[in-house]
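These are my notebook entries on what I looked up, kept in the order in which I went through the model.

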Amino acid sequence: MIHLSFLKEISQLIVDNTSNIIEYPISISDNKGIIIGSSDISRLGSFHQASLEIVERKTAIAYEVNEAKKLDNVLPGVAAPIMINHEPIGVLGIVGEPAEVWKYAQLVKSHVELMCHEYLKKELNAIESKTLDNLIRYLLNSQKQEDMEYSIRYAKMLGYNLESDHNRICLLIQFEIDLNASHLAKDGQISDKYSWPFLQNNFSEILSYYLADSKEDILSPLTLDQFLLIKVVNKEQSHDLFIKRLEHKIQRLLRYLENENNCTASISIGSSEKGALGIKVSYQAALQALTAGKQSNRSPKIFYYNDWNIIFELLGNGLNQYVNERLHEKLEDFINHVNFPILAQTFLAYCKCSMNMSETARMLFLHRNSLVYRMEKINELTCLDISRFDHCMMLFFAIKNSGVPAPELQVTKDTLAAELTQGSSLSTR
């Protein structure tokens with residue numbers, strides 16, 4: 001016989017909500033006959049003799065007035081078992097003339113059982129999420145071989161075989177949504193529908209639908225807005241074909257998010273690795289790709305660790321502390337200049353245009369003379385010759401490490417207006 005303590009936690013809520021609808025007093029007993037929810041709170045905790053008979057017979061029974069008088073703590077009405085997985089976990093009682101309340105018995109019983117099922121589903125999802133969260137932490141933080149062996153055993157308990165000969169690849173998904181947007185907030189308050197816990201559960205279902213297609217795929221949230229998907233690589237496909245099809249799925253996901261949820265996401269793809277230890281390696285690759293990709297302003301925001309653009313971003317981000325300090329020291333006048341953001345963006349655009357002055361001027365909507373003024377100012381402040389590739393490369397990495405974002409393909413009208421207002425003032429500063 002099943003005894004579930006959760007019923008005690010929700011029984012009074014069920015009673016209050018349901019009795020208001022049918023306008024008859026209601027009680028709920030556990031499968032030991034103790035009343036754990038009642039419209040009459042004075043009955044809470046008392047023993048209900050008839051409940052034991054209902055539990056044993058697993059069927060609804062009507063109690064007329066004369067019958068109820070012969071039993072202790074039993075009122076006229078109908079009592080029905082609350083069934084979960086074909087076992088009674090409690091008893092629902094509706095107080096009133098049996099002929100009147102009988103018609104409500106099955107309806108209310110089904111309603112209560114549905115609420116119990118929803119509660120159980122929620123609890124099981126929470127437990128599953130917690131166990132997966134623990135597994136992910138073990139896999140990503142294991143330092144010793146015995147730690148990894150424990151992770152493998154723990155994964156096997158959850159139904160995942162990390163000892164299989166499948167390669168796995170990690171995907172990091174970072175959702176971006178403005179919870180203060182007017183369509184989400186009402187009177188300055190965020191709707192429960194758009195709270196992060198709700199969105200996290202919703203996003204988990206969306207990711208499972210679009211990206212998880214194997215029972216060995218592991219999906220778990222890392223933070224409120226970031227998910228990790230450990231995906232099994234299909235052995236029957238070449239790696240290039242697998243990545244191509246994965247990118248197609250990601251593009252469909254991003255379109256759905258934009259059209260249906262009015263949000264975007266940045267998604268990075270790590271390396272394909274074998275074994276439990278390889279998951280940590282793939283995760284680190286995905287994390288680095290995500291960090292580098294978000295600095296590049298690329299669209300769509302799909303970042304593969306092995307992409308040349310990502311590797312170049314990582315190369316700039318990977319400069320050691322000594323080199324960074326020397327670059328900052330040498331370029332201090334440039335970095336601290338009042339017009340550093342504009343000059344830095346101009347130089348990044350110059351690099352993006354393959355060091356072609358005419359193309360850079362068109363990209364920035366600048367007169368060529370204005371661009372020349374800016375480039376001369378950069379030469380003056382840095383003491384570098386930006387017509388030389390090696391000097392450009394050093395300056396490029398210095399700017400990237402300063403946190404200046406990559407230039408957009410076009411500037412806004414406001415930027416253009418500001419440039420026209422300033423004229424060639426940059427050349428005189």
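**Elements and conventions**

I took helices (H or I, at least four residues) and strands (E, at least two) as DSSP runs, numbered from the N terminus. On that basis I placed Leu7 in helix α1, residues 6-22. The model is predicted, so I kept local features to pLDDT of at least 70 and side-chain atom pairs to pLDDT 80 or more, while totals for chains, interfaces and linings use all residues. Residues are numbered from 1 along each chain as its sequence is written, and side-chain values use heavy atoms, with hydrogens and water left out.

For burial I used relative accessible area, with buried meaning under 20%, exposed over 50% and partly exposed in between (1.4 Å probe, protein chains only). Leu7 counts as buried because its relative accessibility is 1%.

I next turned to Ile173, which sits in strand β6, residues 167-176, and which is buried because its relative accessibility is 0%.

Met393 belongs to helix α15 and is partly exposed, since its relative accessible area is 34%. Its C-alpha atom lies 8.9 Å from that of Cys351, a residue 42 positions away in sequence.

**Salt bridges**

I counted a salt bridge where a side-chain nitrogen of Lys or Arg is within 4 Å of a carboxyl oxygen of Asp or Glu. The structure holds 14 of them.

Which residue does Lys109 pair with in a salt bridge? Its partner is Glu113, and the closest N and O atoms are 2.7 Å apart. About one helical turn separates Lys109 and Glu113, because they are four residues apart in helix α4, residues 98-141. I also checked whether this pair is covered, and both Lys109 and Glu113 are buried.

In helix α10, residues 321-330, Glu329 and Arg326 are three residues apart and therefore separated by about one helical turn. Their side chains meet in a salt bridge at 3.3 Å, N to O, and Arg326 is partly exposed because its relative accessible area is 29%.

I found another three-residue spacing in helix α13, residues 357-363, where Glu359 and Arg362 are about one turn of the helix apart. The salt bridge between their side chains is 2.8 Å, N to O. Glu359 is partly exposed, as its relative accessibility is 35%, whereas Arg362 is exposed, as its relative accessible area is 54%.

I also wrote down a network of salt bridges that links Asp213, Asp217, Lys231 and Lys249.

**The largest nonpolar core**

I defined a nonpolar core as a set of buried Ala, Val, Leu, Ile, Met, Phe, Trp, Tyr and Cys residues joined through side-chain atoms within 4.5 Å. The largest one has 29 residues, and those touching the most other members are Phe334, Phe347, Met375, Ile378, Ile386, Leu395 and Ile399. Two or more residues of this core come from each of α11 (332-335), α12 (340-352), α13, α14 (368-382) and α15 (389-402). Which element gives the largest share of this core? It is α12, with seven residues.

**Backbone at two loop positions**

Asn73 has a positive phi of about 60° although it is not a glycine. I located Asn73 in the loop between α3 and β4 (77-84), and it is partly exposed because its relative accessible area is 24%.

Ser354, which is not a glycine either, also has a positive phi, of about 60°. Ser354 falls in the loop between α12 and α13 and counts as exposed, since its relative accessibility is 62%.
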